[in-house]
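Here is a short report on one protein model. Please keep the sequence and the 3D view open as you read.

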Amino acid sequence: MTEKAALSVGQGNTAREIATLRRPGGAPGLFWLGGFRSDMAGSKAQALDALGAEKGLAVTRFDYSGHGQSGGDFLDGTISLWLEEALAVFETTTGPQIVVGSSMGGWLALLLNRALRRRGNERVRAMVLIAPAADMTRDLMRETFTDAELLDLWEKGRVEQPSDYSDEPYVLTRTLIEDGERHLLFGAPIRTHCPVAILQGGNDTDVPPAHALKLVSHLVSDPVTFTLVPDGDHRLSRDSDLDLLRQTIERLL
């Protein structure tokens, strides 16, 4: 049975109420980090919860501020704020955890693990990264902008792009793009000190396979497996994709 709770993160004007869903259970727990404009009720998050229920494992899910059931305005969101929330929710867990991050959540998983280990916290046992969008604010956003979009970014403070998943456009703020510069990982080896499994769709246009392979090339000191789903898209949420996610986690258990 999942338990709903709200966690207050930040102080003063930056305080946000973060909605969480927790399934009590044993270790290692499963810790979910969703994607940009996603939420904890998506098919992959639910598949993770179902696996936890079957195996008797704890499962922790939450919505970033401005997402799903959490408070806050999406347009105020930055990698710094969402990482702060991920760390706060992680601190409510106990024992070793397998961190599962999708798209932007893959980047946040790497940042979360790094921040924890700098604190001497080694509870991340392994990571599963689904179409990991590491350094996305630079490599997948700013560097792909047209001249007109760059002009909008600097003059209007935002860029609007059509979305394949919603009638509403993606709104990318200048604050988000500039804050992302503080968290870039590429350019130096990335140490995770734990096994990493990457699942990548071959037909992913949001996070192309080459981007995931770029991440692999930076993970030079820890065990890494890379699984390409040739006909998979960015979501990797078909039944066969969810079966692959389940099998990947079971191997890490």
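## Contacts across the chain

In this predicted model, 74% of the contacts between residues at least 6 apart in sequence join residues at least 24 apart. Contact means heavy atoms within 4.5 Å.

The model is predicted, so local features need pLDDT of at least 70, side-chain atom pairs count only at pLDDT 80 or more, and totals for chains, interfaces and linings use all residues. Residues are numbered from 1 along each chain as its sequence is written, and side-chain values use heavy atoms, with hydrogens and water left out.

## Overall build

The protein has 8 helices and 10 strands. Helices (H or I, at least four residues) and strands (E, at least two) are DSSP runs, numbered from the N terminus. The radius of gyration is 17 Å, close to the 18 Å of the globule rule for 253 residues, so the protein is as compact as a globular protein of that length. That radius is taken over C-alpha atoms; the rule is 2.2 Å times the number of residues to the power 0.38.

## Burial

Of the 253 residues, 51% are buried. Buried means under 20% relative accessible area (1.4 Å probe, protein chains only).

## Helix α3

Helix α3 covers residues 104-118, 15 residues in total. The helix reaches 21 Å from first C-alpha to last, close to the 21 Å expected at 1.5 Å a residue. The expected span is 1.5 Å times one less than the number of residues.

α3 is mostly covered, with 13 of its 15 residues buried. Just after α3, G120 takes a positive phi of about 85 degrees.

Notes
Buried means under 20% relative accessible area, exposed over 50%, partly exposed in between (1.4 Å probe, protein chains only).
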